[in-house]
Amino acid sequence: RPSPVQFIWAVNAKSRALVRVLQRCESALVIENVAKRLVPRIPVVPVHDAIYCRASDIGIVRAVFTETFDELRLPFQTKDE
């Protein structure tokens, strides 16, 4: 049984359509859900699959990501850079 990544690469081998659909979903999740909740509270710059913010606001951003993913019943891990 292939892993999710193996499945994506196999399906996507001839056409990049699946990756584009996944990127759009990722972007919609971050921009239309997470960023929309953050903008009234703190200054942020959403970029496709990430939120850029002040170091002092990382906790708020992480909490909103967690809240959003919990509502969607999806697992979530952060990668602070």
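A residue counts as buried here when its relative accessible area is under 20%, as exposed when that area is over 50%, and as partly exposed in between (1.4 Å probe, protein chains only). This is a predicted model, where local features need pLDDT of at least 70, side-chain atom pairs count only at pLDDT 80 or more, and totals for chains, interfaces and linings use all residues. Numbering starts from 1 along each chain as its sequence is written, and side-chain values use heavy atoms, without hydrogens and water.

Let's begin with helix α2. By that cut-off, Val19, Ser27, Leu29, Val30, Val34, Ala35 and Leu38 are buried in α2. The buried residues of this helix pack against α1 (4-11), β1 (44-47), β2 (50-53) and α3 (58-71), a contact being heavy atoms within 4.5 Å. Helix α2 covers residues 17-38 and spans 30 Å from first to last C-alpha, close to the 32 Å expected at 1.5 Å a residue; that expectation is 1.5 Å times one less than the number of residues.

Now for the fold around this helix. The protein has three helices and two strands, in the order α-α-β-β-α. These are DSSP runs: helices are H or I with at least four residues, strands E with at least two, numbered from the N terminus.

Some values for the whole protein follow.

| Property | Value |
|---|---|
| C-alpha box along the principal axes | roughly 45 × 25 × 20 Å |
| Buried share of the 81 residues | 21% |
| Contacts joining residues at least 24 apart, among those at least 6 apart in sequence | 22% |
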